[in-house]
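Reader: I've got the sequence and the model open side by side. Could you walk me through what is going on in there?

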Protein chains: 2
Amino acid sequence: MRDQKKALKGIKVLDFSRIFAGPAATQVLGDLGADVIKVEEPARGDEARYLGVTDAELQKFGGVSPSFLALNRNKRSITLDLGSPAGRKAALAIAAKCDVVVHNFRLGAMEKFGIGYEHIKALNPGVIFCEFTSYGKQGPMSHIGANDLGLQAHSGLLSVTGEPNRPPVRVGTAAIDLHGSLALVSAILAALFHRERTGEGQIVETSLLMSSAHLLSYFYTEYWMDGTVRKPMGTANHLSVPNQVFPSSDGGVVIIAPNDEMWQRCVKALGEPSLGRAEFATVLGRLDNRAMLVEALSAVTRTMTSRELVERLGAVKVNVSKVNTVGEAADDPQLAAIGGVLEFEQDGRPIKAVANPFNLFGTPAAVDLPPPDLGAHTDEVLRELGFADAEMTALREQGAFGKAQAKKSA
Amino acid sequence: MRDQKKALKGIKVLDFSRIFAGPAATQVLGDLGADVIKVEEPARGDEARYLGVTDAELQKFGGVSPSFLALNRNKRSITLDLGSPAGRKAALAIAAKCDVVVHNFRLGAMEKFGIGYEHIKALNPGVIFCEFTSYGKQGPMSHIGANDLGLQAHSGLLSVTGEPNRPPVRVGTAAIDLHGSLALVSAILAALFHRERTGEGQIVETSLLMSSAHLLSYFYTEYWMDGTVRKPMGTANHLSVPNQVFPSSDGGVVIIAPNDEMWQRCVKALGEPSLGRAEFATVLGRLDNRAMLVEALSAVTRTMTSRELVERLGAVKVNVSKVNTVGEAADDPQLAAIGGVLEFEQDGRPIKAVANPFNLFGTPAAVDLPPPDLGAHTDEVLRELGFADAEMTALREQGAFGKAQAKKSA
């Protein structure tokens with residue numbers, strides 16, 4: 001499978017990143033055909049292996065978390081003890097042979113390990129060195145660690161998410177982490193393109209702060225223009241009515257009819273003449289009579305199933321979407337129809353996962369490797385990179401791959 | 001400024017996309033130095049110019065919306081009437097000279113206009129043709145249009161966002177649109193890299209559905225593994241306590257202390273001995289006594305300002321973040337310190353906007369052009385692409401650039 005035409009064929013990525021954004025980014029690179037070498041701490045490994053689940057759940061999942069399985073295919077795992085001189089020496093020797101090096105250590109850690117940009121560049125001038133931090137590389141908060149929820153709070157995302165006059169709520173998924181992962185992918189691909197044209201490597205970076213600010217960019221510009229500070233409105237919107245979730249007999253649907261023609265089609269399709277009253281006929285009228293309209297429309301939608309509402313309104317091109325649970329969404333046939341669902345085996349178990357978030361039709365993605373067991377490819381990768389057997393034995397004895405590995409081979 | 005070293009220098013992008021995801025993507029390409037030619041409908045233009053604001057707000061903003069200003073710098077605007085044969089002819093002739101063509105029309109529209117992939121490829125074999133749709137290119141829902149909120153509903157994102165046992169709420173920003181924009185950037189950059197190495201163009205695509213599924217990917221894998229369907233928990237988390245927003249005397253802060261050592265540091269830093277009780281000492285104890293702990297901790301945090309909580313807890317490396325409003329977040333000095341705030345002039349007004357969501361230190365981004373006025377660069381772009389004056393006059397008379405433009409030049 002590795003022979004197939006892939007966009008990133010032949011590109012080697014050395015990935016020191018852990019948990020979410022970094023691994024999500026390098027999975028995209030792996031899906032595109034890059035050879036991703038995941039460096040993990042001996043014994044412990046990427047914390048994502050057991051994060052996001054309780055101990056009881058972890059047992060049920062065979063010792064590795066769903067989020068690790070979702071974000072670590074198409075990688076090989078090696079263990080390196082960066083606390084040992086031999087581990088750091090091996091890391092630098094490997095980095096010298098890679099096109100891209102990714103990390104999300106705190107600022108200065110890579111330099112302290114002797115595998116900072118300048119160290120690698122001296123051996124490998126074209127290297128693309130990628131840093132992912134919480135708050136960026138300069139400024140008063142640059143040395144503070146944070147996670148997705150922390151940046152939801154800091155960025156104001158929490159402040160626009162929730163019901164009016166009630167506490168904020170979190171965006172249910174790690175949107176800032178995952179958005180940051182695609183910012184990192186974009187940065188790396190732009191740098192690879194530049195290197196292909198000029199031979200020049202460089203440092204690239206992104207952060208949870210940059211990711212969160214990009215997600216809020218139009219709110220910030222609006223605020224900077226006239227001081228507007230938006231507040232949460234449940235599922236509703238200050239621009240138009242209806243534009244929110246309405247109850248159905250078995251759940252809910254989003255209904256959006258921003259202009260008068262669409263509203264008329266909505267009224268007709270629902271077959272409830274009282275919705276056709278004059279107060280509701282214009283954009284401004286619907287905004288002015290928001291509470292009344294929402295109540296009147298809810299009274300109608302509550303009598304129908306979600307499916308019926310989607311069919312009636314969809315047929316007349318009113319924007320309508322069913323509110324799915326996570327399970328309904330995962331199993332909805334549309335996602336599988338567009339190739340959005342991957343199936344593969346990991347340690348003998350069938351695993352399903354979401355595909356790469358874009359398609360290149362000329363150079364399609366594929367699952368060449370399931371998420372790796374911790375350190376499963378240490379020997380294989382080192383041998384491929386030209387390490388001699390004696391050299392590998394010496395590194396192992398010096399603890400480069402961790403005590404567990406040293407013991408295993410003894 | 002266009003002479004500066006930029007990653008995408010010399011790359012021409014013809015952008016038919018409107019509103020959010022497409023324009024957000026091509027702005028990133030423009031920031032990287034690509035020459036982005038934004039094609040707009042004559043007279044009307046990209047709906048984003050006036051979307052997201054009421055008419056009264058639009059007046060205040062000088063006739064163009066904050067979201068348009070936030071997402072359309074580093075582009076030139078041309079108007080083309082794709083309803084006229086001359087407009088379609090001009091579109092194809094321009095596309096023949098571009099490296100990348102982006103659109104988010106419904107499926108088949110570009111082919112109907114005579115500017116589908118096959119039409120352009122016949123003249124320009126290396127073209128990268130990019131499609132952004134709602135639900136993808138195949139399957140039962142491929143012909144349905146939808147927007148960000150629709151996909152928040154369909155994907156299950158709404159179903160995990162909100163307070164327990166209360167209605168779902170929307171993610172306050174257009175996260176699926178903007179995440180999709182970086183998926184599109186990634187797809188285009190990967191295809192450009194492949195073309196640079198092989199000369200081959202291709203079709204690339206993404207969709208709101210792929211973007212939303214990527215954001216929910218670990219929820220889906222978990223569901224597929226054992227049927228778990230997550231529910232919203234406000235700002236809290238099923239994994240650990242405390243891990244949510246707590247009230248301060250002047251707002252709120254996120255406090256996260258997932259392990260026992262961090263919890264002990266948190267107790268000590270807050271100076272409230274009653275938090276040190278045995279029931280709260282272990283991860284499991286805190287989970288089992290969630291309500292009691294949240295109440296006890298809230299009673300303490302409520303007596304302190306957000307700033308005091310951030311200082312006390314930050315000093316002992318407990319994860320803590322202030323819940324900022326949109327305005328506080330926009331003005332927070334950290335964003336400006338990392339170069340995250342751009343300032344430029346548009347029609348004589350000073351505008352502030354969020355920078356590109358990643359940095360390439362060897363080939364930095366810059367604002368070379370403010371968001372364009374509708375059709376401001378039609379003549380300039382056509383002349384640069386080699387259209388002769390007589391040809392441009394003929395196209396104009398045939399309505400290629402719209403009636404308004406034809407009149408203006410008459």
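Reader: Which strands of chain B does helix α1 of chain B lie across, and at about what angle does the helix run to β1(B)?

Author: First, a word on what you are looking at: this is a predicted model, where local features need pLDDT of at least 70, side-chain atom pairs count only at pLDDT 80 or more, and totals for chains, interfaces and linings use all residues. Residues are numbered from 1 along each chain as its sequence is written, while chains are lettered from A and ligands numbered from 1 in the order in which they are written. Helices (H or I, at least four residues) and strands (E, at least two) are DSSP runs, numbered from the N terminus. Helix α1 of chain B, residues 21–31, lies across β1, β2, β3, β4 and β5 of chain B, and its angle to β1(B) is about 165 degrees.

Reader: What is the strand order in the seven-stranded open sheet?

Author: Strands count as paired if DSSP finds at least two bridges between them. The pairing in this sheet is mixed. At its edges are β12 (359–360) of chain A and β3 (75–79) of chain B, each pairing on one side only. Reading across, the order is β12(A)-β6(B)-β5(B)-β4(B)-β1(B)-β2(B)-β3(B).

Reader: Which residue of β4(B) stands opposite Val13(B)?

Author: Look at β1 (residues 12–15) and β4 (residues 100–103) of chain B, which pair in the parallel sense over three bridges. The residue of β4(B) opposite Val13(B) is Val100(B).

Reader: How are the two copies related?

Author: Superposition is by least squares on the C-alpha atoms of residues with pLDDT of at least 70 in both copies. Chain A goes onto chain B with an RMSD of 0.0 Å, by a turn of 180 degrees and a shift of 0.0 Å along the axis. The copies are thus related as by a two-fold rotation axis.

Reader: Which element gives the most to the side of chain A that touches chain B?

Author: Contact is taken as C-beta atoms, placed from the backbone, within 7 Å. The contact takes 120 residues from chain A and 119 from chain B. On the chain A side, 68 are nonpolar, 37 polar and 15 charged (Ala, Val, Leu, Ile, Met, Phe, Trp, Tyr, Cys and Pro count as nonpolar, Asp, Glu, Lys and Arg as charged, the others, Gly among them, as polar). With 17 residues, the element that gives the most is α8(A).

Reader: Are α1(A) and α8(A) oblique or roughly parallel to each other?

Author: Axes are lines fitted to C-alpha atoms, for helices over the stretch in contact, and angles run from 0 to 180 degrees between N-to-C directions. Helix α1 (residues 21–31) and helix α8 (residues 175–198) of chain A pack at about 50 degrees, with axes 8 Å apart. Angles under 35 degrees count as roughly parallel, over 145 as roughly antiparallel, 65 to 115 as roughly perpendicular and the rest as oblique. So α1(A) and α8(A) are oblique.

Reader: Which strands stand at the edges of the three-stranded sheet of chain B?

Author: This open sheet has the order β7-β8-β9 with antiparallel pairing. Two of its strands have a single partner each, so one side of each is left without a neighbour: these are β7 (243–248) and β9 (319–322) of chain B.

Reader: Where does Pro242(B) lie?

Author: The peptide bond from Val241(B) to Pro242(B) is cis, with omega near -5 degrees. As for its place in chain B, Pro242(B) is in the loop between α10 (217–226) and β7.

Conventions:
Two residues are in contact if their C-beta atoms, placed from the backbone, lie within 7 Å.
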